[in-house]
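Okay, thanks for coming, everyone.

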Amino acid sequence: MSYRHSYIARILIAPAACLFCSLAQAHAGSADGWLHPLTGLDHLLAMIAVGAWSSQIGGRAVWFVPTAFVCCMLLGGVAGFEQFDIPGVEAGVALSVLVLGLAIGCAKALPILIASATVGTFGVFHGYAHGYEMPVMDDKFLYVAGFLASTATLHLIGAIGAYFVLKCSGGARILKCAGFACALCGTWLTYAVLFGV
């Protein structure tokens with residue numbers, strides 16, 4: 001393994017271990033928030049795709065792109081809590097799966113700022129959906145901590161998975177195929193939202 005590869009592996013895996021330890025504690029008090037991103041195919045695919053795309057872009061994008069999603073997701077979650085009206089949330093969530101899948105499938109390495117702004121926009125929609133659907137509870141902080149931790153974990157799974165896929169022979173092609181499969185799911189999800197299927 002080259003020095004560059006071993007360095008990337010360390011910066012991906014070390015935080016993952018720390019995060020999983022914290023998640024075990026967060027889960028006890030925020031089961032609803034933790035599980036919410038795992039209950040919908042749209043949320044699940046988009047969050048894994050964010051991590052995979054960041055790994056495909058490489059460099060600082062591994063940190064900045066997922067971080068932008070999580071931060072903007074928090075803002076969207078607050079808007080959802082307060083019942084602010086953001087139009088097209090369901091369509092935005094579905095489109096995120098389509099767009100992120102295409103980005104991976106086309107191996108589109110955008111500049112970090114543009115990639116971060118793109119996923120950040122989608123993060124607002126995902127966060128709003130989580131916040132708006134929050135069950136009635138006294139401690140909203142635990143719910144927020146739960147869905148943010150779950151989201152970050154899915155980003156890490158996508159990033160680490162893509163990193164090791166890209167190391168394999170033909171890995172770039174495999175990742176592109178996975179991206180197009182994600183985009184196909186996003187197409188169906190978008191169609192279902194727009195036409196009420």
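So, start with helix H4, residues 61–81, and helix H7, residues 140–167: their axes come within 10 Å and cross at roughly 150 degrees. That makes H4 roughly antiparallel to H7. On terms, helices are DSSP runs of H or I, at least four residues, numbered from the N terminus. The axes are lines fitted to C-alpha atoms over the stretch in contact, with angles running from 0 to 180 degrees between N-to-C directions. Under 35 degrees counts as roughly parallel, over 145 as roughly antiparallel, 65 to 115 as roughly perpendicular, and the rest as oblique.

Before I go on, keep in mind that this is a predicted model: local features need pLDDT of at least 70, side-chain atom pairs count only at pLDDT 80 or more, and totals for chains, interfaces and linings use all residues. Residues are numbered from 1 along each chain as its sequence is written, and side-chain values use heavy atoms, with hydrogens and water left out.

Back to that pair. The crossing of H4 and H7 is right-handed, meaning the near helix is turned clockwise from the far one by less than a right angle. Who touches whom? On the H4 side you've got Pro66, Phe69, Val70, Met73, Leu74, Gly77 and Phe81, and they meet Lys140, Tyr143, Val144, Phe147, Leu148, Thr151 and His155 in H7. Contact here means heavy atoms within 4.5 Å. By class, that's ten nonpolar residues, three polar and one charged.

Now H7 again, but with H3. These two axes come within 7 Å and cross at roughly 45 degrees, so H3 and H7 are oblique to each other. This crossing is right-handed as well. Among the H3 residues that meet H7 are Leu44, Met47, Gly51 and Ser55, and the H7 residues they face include Thr151, His155, Gly158 and Ala162. The H3 contact with H7 has ten nonpolar, seven polar and no charged residues.

What about the core? The largest nonpolar core has 37 residues, and Trp53, Phe69, Leu100, Val119 and Phe147 touch the most other members. H3 (41–57), H4, H5 (89–105), H6 (112–132), H7 and H8 (171–195) each supply at least two residues. The largest share, eight residues, comes from H4. A core like this is a set of buried Ala, Val, Leu, Ile, Met, Phe, Trp, Tyr and Cys residues joined through side-chain atoms within 4.5 Å. Buried means under 20% relative accessible area, exposed is over 50%, and partly exposed is in between, with a 1.4 Å probe and protein chains only.

Take Trp53: leaving aside neighbours within four places in sequence, Trp53 is in contact with Leu100, Ala103, Ile104, Lys108, Leu110, Ala115 and Val119.

Not counting residues up to four places away, His126 touches Asp42, His43, Ala46, Met47, Phe69, Met73, Val93 and Ser96. Ser96 sits in H5 and is also buried, at 0%.

Last stop, the loops. Gln83, between H4 and H5, has a positive phi near 60 degrees, and it isn't a glycine. Gln83 is partly exposed at 47% relative accessibility. Ala107, in the loop between H5 and H6, has a positive phi too, about 50 degrees, and Ala107 is partly exposed at 34%.

Note on methods: Ala, Val, Leu, Ile, Met, Phe, Trp, Tyr, Cys and Pro count as nonpolar, Asp, Glu, Lys and Arg as charged, and the others, Gly among them, as polar.
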